[in-house]
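Hi,

Here is the structure I promised to pass on to you. Please open it alongside this email, and then read on for what turned up.

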Amino acid sequence: MAFDIEMIKGVYSTMAERVDKAREVVGKPLTLSEKILYNHLWDKTPTKAFVRGKDYVDFAPDRIACQDATAQMALLQFMQAGKPKVAVPTTVHCDHLIQAKEGAAKDLKQANSVSSEVFNFLESVSNKYGIGFWKPGAGIIHQVVLENYAFPGGMMIGTDSHTVNAGGLGMVAIGVGGADAVDVMAGMAWELKFPKLIGVKLTGKLSGWTAPKDVILKVAEILTVKGGTGAIVEYFGPGATSMSCTGKGTICNMGAEIGATTSTFGYDESMERYLKATDRVDVAEAANKVKDYLTADPEVYANPEQYFDQVIEINLSELTPLLNGPFTPDLSTPAGSEMTKKATDNDWPLKVEWGLIGSCTNSSYEDLSRASSIAQQALDKKLKTKAEFGINPGSEQVRYTAERDGILKVFEDLDATIFTNACGPCIGQWARYSDPKNAPKNSIVHSFNRNFAKRADGNPNTHAFVASPELTAAIAISGKLDFNPLTDKLINEDGEEVMFDEPTGWELPPKGFEVKENGYLAPKEDGSNVDVVVASDSERLQLLTPFEPLGDSITGAKLLIKAFGKCTTDHISMAGPWLRFRGHLDNIANNTLIGAVNAFNKKTNFVKNQLTGDYGGVPDVQRAYKAEGIKTVVVGDHNYGEGSSREHAAMQPRHLGVAAVIVKSFARIHETNLKKQGMLGLTFDNESDYDLIQEDDTFNFLDLNEFAPDKQLTLEVVHADGSKDTIKLNHTYNEAQIDWYKEGSALNLIKKQNA
Ligand code: SF4
């Protein structure tokens, strides 16, 4: 059904030889991350030491995982590649397209009705091309991957930025755009800039109210949303081995929130226990045979400063429960009085209206059991919960086991709504309001990973704070954002003062995991006769047509928008209700950049049409330029495109006629996605040139015909009064990526090579 033990043994069989060789060419002891990377070189045996943060390297990942929202476009692209089957084990997981409203049974039925066309498409493409298919309700991609496919020392990619979750089981697992996944499905190498390495030494031990979530919330505070960019974060030390495997998954999961390429932990007994509990004794036994290769060389952890580019140390014994937010996952506040002050100073509502537990970040059996221990205390101590409760289990296996063990009943006794085993409120698929845009200001607490504006419920006035499941439960019961369960008392129904005891729980279910119907469909051995149907009038799915190359002369391009401040992939291609169009490029293009703030008027979706002088929505203005055959440029600030891996954020502007995105800095995945779609993703050589860009500007690329690696491009910026500025732009394109640009897209190049 699920994992492929022979493939895993194959990975382990090359480990000793390749890692030993890598140690020789690098000339020093190796970190775990390096061991995994060097064992997955496309060229197999290491022959040179790669320069971290500089060299582009071809890798051969072991697996691919796709979720339903991104799989549509990935598979539509793969269908164009002309291959009969995927080249590496691949799975599709239906989890994003299920709205949370009334509870699992009704919501799942509704999703199966509303999105049947998409689910049927994904199922038939999976069946045809040898892809494992996890049905709606089977679980959230990353939890299902951790339970079934992740293995120590493996390398996987996934079309979702939280693919990194599998680092909890010692993988190098990286979120990519669909176009990257298509390369690997088509049997090609996957290219990555050899990452820098950040070591996080964990000393001490978690206890009481602190949880693995607090570790990553602390790391996010230290490194900020940009601090991990271009780096693998490797955790080690006694604090690391003392945590559960799923707790490690939580920490790796939110590595995406610091922009890290991925995060990982060395193989240890917690991973062995988890593998055995999830019916993978043979994987554990295979891993045990090569365990010295599944962690760093001893010298590395003894003197981390010599081997990592940056080292952070956190003493888990000194950690306190944290709440990060609102609107950004790196704004950290300890639970309690410090929050009272910050919330009052910043006018954040102190009343908490919802507590949400689950998502791929915190939906393990351990998470649910610890949070339910708090819920049970509320029942025992006659506390009435002040906020509403929502739970979304990570997989059917976790849900079934938690139901069997009475964990879900505890939440239900507190009137919690048990949502489908799916993303739901974590990705804006939460039918909380009929009119979210005009919904009131409020605060919520959740155990998810992201808390950008509108992320959960589409309401820009919802202040979302991220916390551990147990703290989320306590705060939801208290109804107070500044509640500190370590010190604060609550008044129960009898008017008595009561306090919570520390949370308790089980790392793994004492009676073992159990599931009746896990929701997995294996593909046909020979899928050549399977028909994949896309209706020509479908509003959800659209077959793709190849992009035309932009050419080596771009002149007279107009400014579409100069984005001000944070511009994430959610701002570029919003999720929520737009998820329904993820398989239809022209329809979803109608949300392009509607969340980006126009630097000239600080409004969203309100930009000047230079042809008419009128203002309009970004997609409308862009379509007007396209109708006239005029190319456009998008200008942005720092970390442009942070957030998810969705290539829609690149394909949509490309489809509408945007030629270049010029920013102060990029988030890695988005920059690669722009390159894959044959666009120009460029950065200002001089950051302050961002300030030169005016609303009526026209752009001429002066030396695009000399586009080459490590060579700046020159841009002439013509202002409305006729004056000009000539500025230098940097890029990170290598030869192969310049070929993508020249062919119009990476996919065009694959097709050409296949032909
Ligand atoms: Fe789903 Fe949220 Fe996890 Fe993304 S982060 S996979 S939306 S649960």
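**Helix 13 and beyond**

On helix 13, the face turned away from the buried side carries the exposed residues Val 281 and Lys 289. Helices (H or I, at least four residues) and strands (E, at least two) are DSSP runs, numbered from the N terminus.

Before going further, please note that this is a predicted model: local features need pLDDT of at least 70, side-chain atom pairs count only at pLDDT 80 or more, and totals for chains, interfaces and linings use all residues. Residues are numbered from 1 along each chain as its sequence is written.

Back to helix 13 (residues 281–289): Val 283, Ala 284, Ala 286 and Ala 287 are buried there. These four lie on the same side of helix 13 because they cover an arc of only 165° around the axis, the arc being that of the directions from the helix axis to the C-beta atoms. The buried residues of helix 13 pack against helix 1 (5–13) and helix 12 (269–277).

Now the domains. The protein chain is divided into domain 1 (5–317), domain 2 (326–428 + 439–498) and domain 3 (557–754), with bounds that come from an automatic or database domain assignment. The centres of domain 1 and domain 2, taken over C-alpha atoms, are separated by 27 Å. Their contact takes 38 residues from domain 1 and 38 residues from domain 2; two residues are in contact if their C-beta atoms, placed from the backbone, lie within 7 Å. On the side of domain 1 that touches domain 2, helix 9 gives the most, with six residues.

Next, the ligand. It is surrounded by 14 residues, and the closest are Ser 359, Cys 360, Cys 423, Cys 426 and Ile 427. Here a residue is near if its C-beta atom, placed from the backbone, lies within 6 Å of the molecule. Domain 1 and domain 2 each give at least three residues to this shell.

Finally, have a look at Lys 201, in strand 8 (residues 196–203). Lys 201 is partly exposed because 19 other C-beta atoms lie within 10 Å. Apart from neighbours within four places in sequence, Lys 201 is in contact with Phe 236, Gly 237, Pro 304, Val 311 and Glu 313.

Enjoy exploring!

Technical notes. A residue is buried if 20 or more other C-beta atoms lie within 10 Å of its own, exposed if 12 or fewer, and partly exposed in between; C-beta atoms are placed from the backbone.
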